[in-house]
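This report describes how parts of a protein chain pack together. Please look at the sequence and the structure below before reading on.

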Amino acid sequence: MKDLEHRWSNGLLILLTLSEENWKQILYTIIGNHFIEILIFSVICDLGCGEGKLYEYFAKKGKIQEAEVEGEGNHFKAIRSFDLVSKKDHIEACDIAHLPLQNGYANVCVFSLALMNRNYIDFIYEANRVLQQDGYLIIAEVLSRMPSTALFVKLIKALGFKFIKYVLE
């Protein structure tokens, strides 16, 4: 088991589950539309980002700025995209179980269809490490990948998160 010396974030879990019929929807749009109030003025880590579409979605809307500016419209401080393989310039290649970030770096961590590997619990531990106190963990996953949504939520709670929202698309 990983060294858990870092304080648990007591982060807030938002679980977005998808049915088989609509899992191919544009997830970055769903995430953006449902959670825009949480994402504004945040440092966001898109973990297991694939093609980095969440970054591109908000970049096209002009919602990303790298410098932190208080009260300057609805901009994100930063969206950092991580995946095992970097397919685009804005994607940082790394194992998302070992992010090159300091403890408490991010306000929000997003997993969008990214918890398929056997070591997905390591990914969640790592998200917890890089989240600030009361940060948000947003998980978008297909229902068929979870034998029991209730057990999945229980597992995430055991890892230190408070469950606050469940969205079924």
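## Helix H3 and its surroundings

The buried residues of H3 (buried meaning under 20% relative accessible area, with a 1.4 Å probe and protein chains only) pack against S2, S5, strand S6 (131-142) and helix H4 (149-158). Helices (H or I, at least four residues) and strands (E, at least two) are DSSP runs, numbered from the N terminus. Helix H3 itself spans residues 120-130, and eight of its eleven residues are buried; among them are Phe123, Ile124 and Tyr125.

The model is predicted: local features need pLDDT of at least 70, and side-chain atom pairs count only at pLDDT 80 or more, while totals for chains, interfaces and linings use all residues. Residues are numbered from 1 along each chain as its sequence is written, and side-chain values use heavy atoms, leaving out hydrogens and water.

## Strand S2 and its partners

Strand S2 (residues 43-47) is covered on both faces: Val43, Cys45 and Leu47 are buried on one side, and Ile44 and Asp46 on the other. S2 pairs in the parallel sense with strand S3 (residues 78-83) over five bridges, where pairing requires at least two DSSP bridges between two strands. Leu47 stands opposite Phe82 of S3. Four bridges also join S2 to strand S5 (residues 106-112), again in parallel.

## The largest nonpolar core

A nonpolar core is a set of buried Ala, Val, Leu, Ile, Met, Phe, Trp, Tyr and Cys residues joined through side-chain atoms within 4.5 Å. The largest has 27 residues, and Leu47, Phe82 and Ile124 are among those that touch the most other members. H3 gives the most to this core, with five residues.

Conventions: Buried means under 20% relative accessible area, exposed over 50%, partly exposed in between (1.4 Å probe, protein chains only). Contact means heavy atoms within 4.5 Å.
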